[in-house]
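This briefing concerns the pockets of one protein model and a helix that contributes to them. Please consult the sequence and structure shown here.

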Amino acid sequence: MAGTERRNRNGRSSTLRQESNERRRKREESPSLIGFFLRIAIMFLVFFVAYLGISHSTFKVETFDIQGNRLISDEDIISLSGISIGDTLFQSDVDAAAKQIAMYVMIDDVDVRVRPFHKILIEVTEKNAVALFVDDERYFYVDEKGVVVAETDTPDKNLPVLSGFEVPSFVSIGLEMNDPLLMTDLEIVAAMGDLFKDYQTEVCAVSESENNLIINNVSVHLGSTSRLEEKMVTLDKILHTMSVQKLESLDYIDVSIPDEPVTMEKPLAGTED
């Protein structure tokens, strides 16, 4: 009987110890979980405060770094941004500058960022100018749709010059030109691609049945705009077979029938009629 009571007491004691250990374990786990969530909350607060600091802090502009521009000058891009050296800006001012630059007709894309040492980085992507034309000793660049995207005093020698069409009395950046002969010029330019970028090239549309190229001062007769790609390939093959001196000796090249091209040399001195 006494042994039975002892076992019962021992059993109750063991149960009490287990319950005590369980309560102790729960007390130890509770602070651990609380600490975990507290650390998460502190990290979130730190990031939030940092974000507010960046977005609302000011900085003084000391230099600009302009990248990606070819036709638009650094000065024009800075002017478009509305930011000047010495300005104290918020991040919102930088965002507004990017929107202002993006509104310009010559800009296809723009990214404005703050860089260390008080620098403003402006990266632009200009609209693609495919050719140019001359008006009153000024050069105007146009894209593939005939929109004027730039104006300059000096031509880009890698681009073809367009002629044969009537230039409007007033030309400005953003003007959308729709002259039929200009559209034909651009159709010929598209067919040319990069084949003749190493030559000085002029494109002159005269009529539906008469269109010409002038390559290094040699006239190339294209005829109509049918089979343009074939004509360009034929012309490219002809040019690759002759030296610069040989090309200069030609009066004209005719690829109006691309399967039967003709090259005609200039008449010798003293043999002209």
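Which residues of α4 are buried? They are L182, T184, D185, L186, I188, V189, A191 and M192, where buried means under 20% relative accessible area with a 1.4 Å probe and protein chains only. This is a predicted model, in which local features need pLDDT of at least 70, side-chain atom pairs count only at pLDDT 80 or more, and totals for chains, interfaces and linings use all residues. Residues are numbered from 1 along each chain as its sequence is written, and side-chain values use heavy atoms, with hydrogens and water left out.

**Helix α4**
- The helix has 13 residues and reaches 19 Å from its first C-alpha to its last, close to the 18 Å expected at 1.5 Å a residue (1.5 Å times one less than the number of residues).
- Its buried residues pack against β6, β7, β9, β10, β11 and α5.
- G193, which follows α4, has a positive phi near 60°.

**Largest pocket**
- About 300 Å³ of space lies in this pocket.
- Of its 18 lining residues, V130, L159, P160, G193 and D194 are the closest to the centre.
- Helix α4 (residues 180-192) supplies the largest share of the lining, three residues.
- The lining comprises nine nonpolar, four polar and five charged residues.

**Second largest pocket**
- The volume is about 200 Å³.
- Lining residues include P155, D156, K157, L159 and V161.

Notes. 1 Å grid on protein atoms, 1.4 Å probe; cavity = no way out; pocket = protein on both sides within 12 Å on 5 of 7 lines; lining within 4 Å. Points joined across faces, edges and corners; volume = space filled by probe spheres on them. Helix = DSSP H or I, 4+ residues; strand = E, 2+ residues; numbered from the N terminus. Nonpolar A, V, L, I, M, F, W, Y, C, P; charged D, E, K, R; others polar. Buried < 20%, exposed > 50% of the residue type's maximum accessible area, 1.4 Å probe, protein only. Contact = heavy atoms within 4.5 Å.
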